[in-house]
Amino acid sequence: MIDSFLLLRRFKAQWHPVARVALVTFAFLRLSAPQPIVAAEFAPINDANFGTSVSISGSTGLVGAYGATINFNQYSRGAAYVFRNLDSDAAQEVIKFTAGDGKAYDQFGSSVSVSEGSALVGANGYDANAVYWFRNLDSGTVESVVKLTDPDGLGTQFGSAVSLSGSIGLVGAQQATVAGRQFQGAAYVYRSPDVSTTAPTAKLVASNGAAWNFFGTAVSISGGTAFVGASNKAYLFTNLDTATGTVTEFAKLAPSVANRGPAYDNFGGSVSVSGNVGLVGNNYAKVGSNDQQGAVYLYRNLGAQSGTIYESAKLTASDGAAENYFGTSVSLSGNTGLVGASSAQVGSNSEQGAVYLFLDLDTAPAAVTESVKLTASTGGAKEQFGRSVSLSGDNLLIGSLGNGMANISGKAYSGSVSSVSMLNAGNASRVIDGISFESRIDWIIGQTTSFNQVTLKIGNTANVTASGKAIYIGSEAGSNNNTLVIEGALAANAVHIGSPDGNEGNTLRLENTATFVPTSFFLAPGNSLSIEGDYTDIASLLAFLGSSSDLQVWDGAGSWISIDEFNYENFIAYSFLDGYTEIQALAIPEPNSVALLGMTGLSLGAFLFFGRRSSRFRGNEEHGA
């Protein structure tokens, strides 16, 4: 069996083979060294359905392209891509691989899952009914461990869904016949298989299974706990790390009576479990008067319940509309969730798709809407951004099918939760590229820590205009030298640069490509607004900020003072160096010294500027988010 591997240069690079090396039963095709990749979009050349499935574990991502044509004539044989170092700006290696024994219409890559360097890739097209187990995805040379085949015969859609947690794999077979019941469905557990032991260690079925239930439509495993989705049903299984034989569910998952839809709803169409918390999607759910808007159900304390478990919370989109299909995809990591709404309209683009980020699900109320909404910055109609989603700690991966009607290959987008919510790791840097967002929470860069930086690249938009919400750069005392760099478009109610409680070196930097909606800038003493270009004339500065914007500084006595052409010398100093104008709020002395400060403020500001600039601007390098 021969598998082909290809390395991909950054983004839409062409293939350039330069060497071929044999290893066991695989052939490798290596390209020139790739360029660094920050958080952004990835799109291969003409690989149909790229992005239909995605999975991320740590900084390693896996993207399926089940419609990929191999060797120019093997249509829909399928492929999968490995992306490494998604949490840094290190040189990015991308590997494309296919099933060596595959054939046309196998649809290798229709489902994928990666965990701790190992991966499962499903091929459930036509009569393939196979799943491939790989390892060493996060380092070294990728190896094929074993090919898993349908243990109960052909035609079961074995591999319709896959999930991996460490060395335990779970494979759905949604069309399996069970006890003579056609298409009841089943799922199979594998623990550390190898070439000599390819049989499943356990078979999962529903105790109330019936024909046409399609049990195994969606699967997710975390440790020994798993969710399995079926047609309008979902099930909880436990102790899969030791289970053998045929196993029925530990509990049934269901929406409460108040949230229950008609029998043809798609509850269980997507599932995700993380520890003792899980999500079940129903992208056909009616919300209010909106048919098929979609909803997702959160289940907590899974190990302490049995029988039938009802949701702890119902997740919906704040801007949901009919036929958005919110819940097409779900992913959970700890108390953070991602939900794809693959048909959401964005602007005038129908079915562009959107993804919704939910934070603090451990304390979520019974009904909750998103913290942040994500969209593709260059997305178009029918691209279905959010067709697949995956979350691992701070890192996220989102799949977009592309416009099939226009023969456009799909895409995958990497990014981070912290870059669009709160970056407070300390000495950390994130780059937002390829994704735009609308926040319903405060956007914070450095709450209690120092030297955090977020860069919004050109072509992307950040919107923080929800009622009462604002941007904070260094939000609390002692949080120093944090930076927000805007190259793209910004809309915000207010931007707080530093805190009057006491910090310094925090900076909002506006590049000459930046655009922003007029807003209020609150500049605390010892912190800076940095603008590319020469705006050292007060009239130029105020004109740049816009007549509807308001630059305010802290007066040292408990009040914010609006800056104008008559009082600016008392409250700010500014200097022009290396192509940037830096405006800094002055620390205000006793009231009887204000007049003197008005005469000397500019020279004092220059002194402060030159004395502190190196510590504020040279400490951070950009890294991928």
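Rings of Phe, Tyr and Trp (its six-membered ring) count as a pair if their centres lie within 6.5 Å. The views below come from a predicted model, in which local features need pLDDT of at least 70 and side-chain atom pairs count only at pLDDT 80 or more, while totals for chains, interfaces and linings use all residues. Residues are numbered from 1 along each chain as its sequence is written, and side-chain values use heavy atoms, leaving out hydrogens and water.

**View 1. Aromatic rings gather in a cluster.** The structure holds 25 aromatic pairs. Here, ring pairs link Phe97, Phe108, Tyr132 and Phe134.

**View 2. Four strands make an open, antiparallel sheet.** Strands are DSSP runs of E, at least two residues long, numbered from the N terminus, and two of them pair if DSSP finds at least two bridges between them. Follow the order S9-S10-S11-S12 across the sheet. S9 (108-115) and S12 (143-149) stand at the edges with a single partner strand each, so one side of each has no neighbour in the sheet. From one strand to the next, the twist averages 20°, an angle between N-to-C directions of axes fitted to C-alpha atoms, on a scale from 0 to 180 degrees.

**View 3. Five bridges join S10 to S11.** These antiparallel strands span residues 118-123 and 130-135. Look for alanine 123, whose bridge partner in S11 is alanine 130.

**View 4. Serine 499 sits in a loop between S44 (494-497) and S45 (507-510).** Serine 499 is buried, with a relative accessible area of 5% (buried means under 20%, with a 1.4 Å probe and protein chains only). Its contacts (heavy atoms within 4.5 Å) include Gly474, Glu476 and Asn527. A polar atom of the serine 499 side chain lies 3.0 Å from the backbone nitrogen of aspartate 501.

Key
Buried < 20%, exposed > 50% of the residue type's maximum accessible area, 1.4 Å probe, protein only. Polar contact = N/O pair within 3.5 Å; in protein donor to acceptor, adjacent residues only side chain to side chain. Phe/Tyr/Trp six-rings, centres within 6.5 Å; stacked < 30°, edge-to-face > 60°. Lists of a residue's contacts leave out its neighbours within four places in sequence.
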